[in-house]
Amino acid sequence: MSARWPLASRQWQGARPYQEDAFATREIDMAGGGEGAALLLVLADGMGGAAGGAVASRIATDAFIGEFAGHAGTVSDRFEACLDAATARLRQRETEDRRLLGMGTTVVAALHDGRGIDWLSVGDSPMWLFVDGGLERLNEDHSMAPMLEEMVRQGALTPDEARHDGRRHMLRSAVTGRPAELVDRGYRACRLLPGEFLLIASDGLETLPEERIARELGEAGGDAEAAAGALDTALRAAAGRYQDNATFLLLSAGPLLGNPSSL
């Protein structure tokens, strides 16, 4: 990746015998001037086991990376075309190989042009902004977790019951061979400043509470590689016997002036 986009990534299989996460990035020439004026980041967390999950996440990632630049129109129009392509390709693969029936994946696709972030997401893979020392989640969570938290607010569950409910990580929407039931589309005006980050992850990173993630990012002083290394180390130390696959992409504006890790 060019110096224009200070980007770092990490991927860990965790305690799983297979890896179902996939990710990719691509510089996009939105204005047609021959320069990569925007950065497309795509992350997918597959479901369906060693066969289906890995296939689904790679199909979806390739569809978004490959189709986006080939379509005209707004960013939203392009994202919709990418989602349609991913859905069609998953349906075709299920037709070709019946062992893949029921496979699916989450998707987070984000385009950052230096002025703002456009995104489309399906599933529960989080995307955060790290600003002012804290994390702000940008995309919706299509798991059962928000439903359980609402039950807590209504008094139907205790916080502890909601936290340990077996339904918590069940998905209400995913990218499959059929149209997704829930799709989150959004835009946030945002010029990343030194010390700030855009973080996209599979839910395996959520072994770490948001407060710990924010602390590691804050201590990195805006250096994407230093922050990625610190998050990876913290995650491996906190992981339990059932640790999920974990993948994350971390985009920064570059390190703060005087940050020791940048000297």
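A salt bridge here means a side-chain nitrogen of Lys or Arg within 4 Å of a carboxyl oxygen of Asp or Glu.

A word on the ground rules. This is a predicted model, where local features need pLDDT of at least 70 and side-chain atom pairs count only at pLDDT 80 or more, while totals for chains, interfaces and linings use all residues. Residues are numbered from 1 along each chain as its sequence is written, and side-chain values use heavy atoms, leaving out hydrogens and water.

**The whole chain**

You'll find six helices and eleven strands in the chain; these are DSSP runs, H or I of at least four residues for helices and E of at least two for strands, numbered from the N terminus. The radius of gyration is 18 Å, close to the 18 Å the globule rule gives for 263 residues, so the chain is as compact as a globular protein of that length. That radius is taken over C-alpha atoms, and the rule is 2.2 Å times the number of residues to the power 0.38. Of the 263 residues, 48% are buried, where buried means under 20% relative accessible area, exposed over 50%, and partly exposed in between (1.4 Å probe, protein chains only).

| Pair | N to O distance |
|---|---|
| Arg89 and Glu67 | 2.6 Å |
| Asp232 and Arg236 | 3.0 Å |

Arg58 and Asp62 sit four residues apart in helix H1 (residues 49-68), so about one helical turn separates them. Both ends are partly exposed: Arg58 at 36% and Asp62 at 39%.

Arg89 belongs to helix H2 (residues 75-96) and Glu67 to helix H1, so this pair ties together parts 22 residues apart in sequence. Arg89 is partly exposed at 33%, and Glu67 is partly exposed at 22%.

In helix H6 (residues 224-238), Asp232 and Arg236 are again four residues apart, about one turn. Here Asp232 counts as buried at 13%, whereas Arg236 is partly exposed at 39%.

**A charge without a partner**

Now look at Asp203, in the loop between strand E10 (197-201) and helix H5 (210-219). Asp203 is buried yet has no salt bridge, and the nearest side chain of opposite charge, Arg16, is 7.2 Å away; Lys and Arg count as positive, Asp and Glu as negative, with His and the chain ends not counted. Which residues does Asp203 contact, leaving aside neighbours within four places in sequence? They are Asp45, Asp124, Pro126, His169 and Asp244, with contact meaning heavy atoms within 4.5 Å.
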